[in-house]
Amino acid sequence: HLPPQVRGNILKFLRSFMGITRILQIVFGACLWVTIAANKYGGSIHFVLFVAVFFWLLTLALFFLTLLDKQDLVPLLGGDRWSCTNLAHDVFASVLYLPAIGVMIYNTDRNSFCNLPQYKHPCLYKVYLTAAVFACFSCLAYLLSVIFGACRKCQRG
């Protein structure tokens, strides 16, 4: 069992705006890369998969370090710099998710011809459309974190 103070800190983080957005980032990011990885992909989709998996792993690390209140253990990035580290991570994720969304929209459009009931061959249209939606949701979750983190940083000075 966890001590009451530790359990209280965990629940406080999970109920906070950052805790909720981190959970959304993890869920949407996982849905994105699982959707892509479970199907045939190639070309520019590799970039989307890289962005999704890379930021999913980084977000998991940030989530658990913050959840367990162990950010002081991270050399150079922890302690007083932790909020800036989180903000930089979220900005970088948002910036890289934007071209990933573009890649998914482009590939969805390229495969739109096979979205007909009469088309009998394997079609990736719905897979790419689903991945594009998850990429948009992921980017939105990171953008919300950027706005929240920037507002918090401005308030603190």
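Hi everyone, let's start with Trp-33, which is partly exposed at a relative accessible area of 24%; buried means under 20%, exposed over 50%, and partly exposed in between, using a 1.4 Å probe and protein chains only. This is a predicted model, where local features need pLDDT of at least 70, side-chain atom pairs count only at pLDDT 80 or more, and totals for chains, interfaces and linings use all residues. Residues are numbered from 1 along each chain as its sequence is written, and side-chain values use heavy atoms, leaving out hydrogens and water.

Now the rings. Phe, Tyr and Trp rings (the six-membered one for Trp) pair if their centres lie within 6.5 Å, with planes under 30 degrees apart called stacked, over 60 edge-to-face and the rest tilted. That rule gives 10 aromatic pairs. In one of them, Trp-33 and Trp-56 have ring centres 5.4 Å apart and planes at 65°, so they sit edge-to-face. Trp-33 belongs to helix α2 (residues 17-37) and Trp-56 to helix α3 (residues 45-67), so the pair ties together parts 23 residues apart in sequence. Helices here are DSSP runs of H or I, at least four residues, numbered from the N terminus.

Next, Tyr-97 and Tyr-142: their centres are 5.6 Å apart and their planes at 25°, so this pair is stacked. Tyr-97 is in helix α4 (residues 82-110) and Tyr-142 in helix α5 (residues 125-156), 45 residues apart. Tyr-97 is buried, at 1% relative accessibility, and Tyr-142 is buried with a relative accessible area of 1%. Thanks, all!

Definitions and conventions. Helices (H or I, at least four residues) and strands (E, at least two) are DSSP runs, numbered from the N terminus.
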